[in-house]
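These notebook entries record what I looked up in the structure shown below. I took the helices and the sheet in turn and then turned to the nonpolar cores.

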Amino acid sequence: MPPRKPVDRRRGHYGLVGASAPMRRVRETIRKLYWDNSPILITGESGCGKELIARAVHDVSQLADKIFLPVDASSVVGSLMESELFGYKRGAFTGANEDKLGLVRAADGGTLFLDEIGELTLDVQAKLLRLLQEGEVRPIGETKAVKVNERVVAATNRDLAEEVENKTFRRDLYYRLNVISIRAPTLRDRREDIPMLSKYFLRKHGSARVSLSNEAMELLCEYDWPGNVRELENSIRRAVALRTEDELRINDLPSALRNFALFQGESADFTEGIAPLAEVERRHILRAIDFTRGDISAAAMMLGIGRTTLYRKLKSYGSKRVRPGSRASQPELVRTRQPAVR
């Protein structure tokens with residue numbers, strides 16, 4: 001058996017947090033790649049951690065002590081990407097006042113990670129194909145090719161097979177890259193990892209004292225996370241930065257999650273047909289008041305209306321469900337134990 005690089009338990013196995021079946025399959029694939037430097041294509045939605053997977057591939061390989069160079073193919077305008085990747089010779093074009101090495105040669109001996117490879121132009125794709133086939137690159141303005149030896153790992157959130165059919169991605173390059181394919185699972189496919197990920201991000205952006213209430217954690221596990229792990233991390237980072245207590249509650253989470261929780265409960269109110277618009281508004285406002293436990297300021301912010309407007313509507317509904325601390329400016333609104341109006 002090949003020697004194994006020590007696992008960093010603080011970040012999870014191979015630096016990938018999670019114990020779900022999809023993540024175990026990803027790690028098992030990575031484990032098998034120690035002796036193999038073939039090109040790898042990582043696919044998956046944005047925010048799934050494709051670069052983390054690429055780094056894990058590099059960190060457990062024979063190239064671990066060499067350079068890992070990430071390149072975002074979507075960050076540079078098409079025609080400029082050729083010179084960024086492959087470099088140029090002095091005088092090759094106007095403004096080329098000195099030789100430029102290029103990112104491909106800078107990664108020689110290590111791993112070149114090309115993120116969003118579907119953004120490359122067909123011209124750049126042709127030169128990348130030569131790199132994969134011949135192990136050489138020819139800088140712009142140079143007459144001789146330069147030999148390089150590196151592993152290429154590419155990632156995309158596009159369907160490259162469809163791009164090939166649409167003739168926006170080279171078929172030969174697709175097959176050269178797709179020697180080994182790793183699918184980065186969405187957060188929806190690994191919900192059981194959400195508690196572990198949430199605690200990891202709490203430690204990363206907060207401290208050991210910061211925690212999530214049971215209700216907040218339950219909400220995180222139920223939400224669909226269209227932005228995947230990146231959205232989860234940003235949500236927790238925001239909540240930690242703006243917290244008033246060490247235990248984060250639902251009201252501390254971003255509005256997208258609070259509104260999701262609000263509508264989750266409201267959907268059951270419409271099983272008997274469509275209600276009049278005014279009734280829909282009344283139910284929605286009263287549910288926001290219940291959801292924030294009578295906190296007028298929080299409810300108004302969630303609903304996107306002013307406090308005065310919210311007070312006026314509550315008064316018209318005859319509602320008295322307001323937190324005691326909110327009653328100073330409106331003494332007639334006092335919280336009671338009345339059940340929620342449906």
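Entry 1, helix α14. I began with the helix at residues 307-317, in what is a predicted model. I asked which residues of α14 are buried. I found Leu 310, Tyr 311 and Leu 314. Viewed down the axis of α14, these buried residues fall within an arc of 100 degrees, so they line one face of the helix. The general rule is that an α-helix has 3.6 residues a turn, so residues three or four places apart point the same way. I then looked at the face turned away from the buried side of α14 and noted the exposed residues Thr 308, Arg 312, Lys 315 and Ser 316 there. After α14 comes Gly 318, and I recorded its phi as positive, near 75 degrees.

I looked up what covers the buried residues of α14; the cover includes α12 (277-291) and α13 (296-303). For the pair α12 and α14, I noted that the axes come within 11 Å and cross at roughly 110 degrees. Angles of 65 to 115 degrees count as roughly perpendicular, so α12 is roughly perpendicular to α14. On the α12 side, the contact is made by Glu 281, Arg 282, Ile 285, Leu 286 and Ile 289. On the α14 side, I listed Leu 310, Lys 313, Leu 314 and Tyr 317.

I traced an open sheet of 5 strands, with the order β2-β3-β6-β1-β7 and parallel pairing. Its edge strands are β2 and β7 (180-183), each of which pairs on one side only. On average, neighbouring strands of this sheet are turned by 20 degrees against each other, direction ignored. I also noted helix α2 (residues 50-59), which lies across β1, β2, β3, β6 and β7 and runs at about 155 degrees to β2.

Entry 4, pairings within the sheet. I checked the parallel pair β2 and β3 and found 5 bridges, with Leu 69 opposite Leu 112 in β3. From β3 to β6, also running parallel, there are 4 bridges, and Thr 111 stands opposite Arg 151 in β6. Strand β1 (residues 40-43) is joined to β7 by 4 bridges, again in parallel; here Leu 41 stands opposite Ser 181.

Entry 5, strand β3. Is β3 mostly covered or mostly open? I found it mostly covered, with 5 of its 5 residues buried. Thr 111, Phe 113 and Asp 115 point one way from β3, while Leu 112 and Leu 114 point the other way.

I asked which members of the largest nonpolar core touch the most other members. Of its 28 residues, these are Leu 85, Val 104, Leu 114, Ile 117, Leu 120 and Leu 177. Among the elements that each supply at least two residues of this core are β2 (68-72), β3 (111-115), β6 (151-156) and α7 (171-177). The helix α5 gives the most, with 5 residues.

Key. Residues numbered from 1 in each chain as written. Predicted model: local features only at pLDDT ≥ 70, side-chain atom pairs only at ≥ 80, totals over all residues. Heavy atoms only, no water. Core = buried A, V, L, I, M, F, W, Y, C linked by side-chain atoms within 4.5 Å. Buried < 20%, exposed > 50% of the residue type's maximum accessible area, 1.4 Å probe, protein only. Pairing = 2+ DSSP bridges. Axes fitted to C-alpha atoms, helices over the stretch in contact; angles between N-to-C directions. Contact = heavy atoms within 4.5 Å. Arc of directions from axis to C-beta. Parallel < 35°, antiparallel > 145°, perpendicular 65-115°, else oblique.
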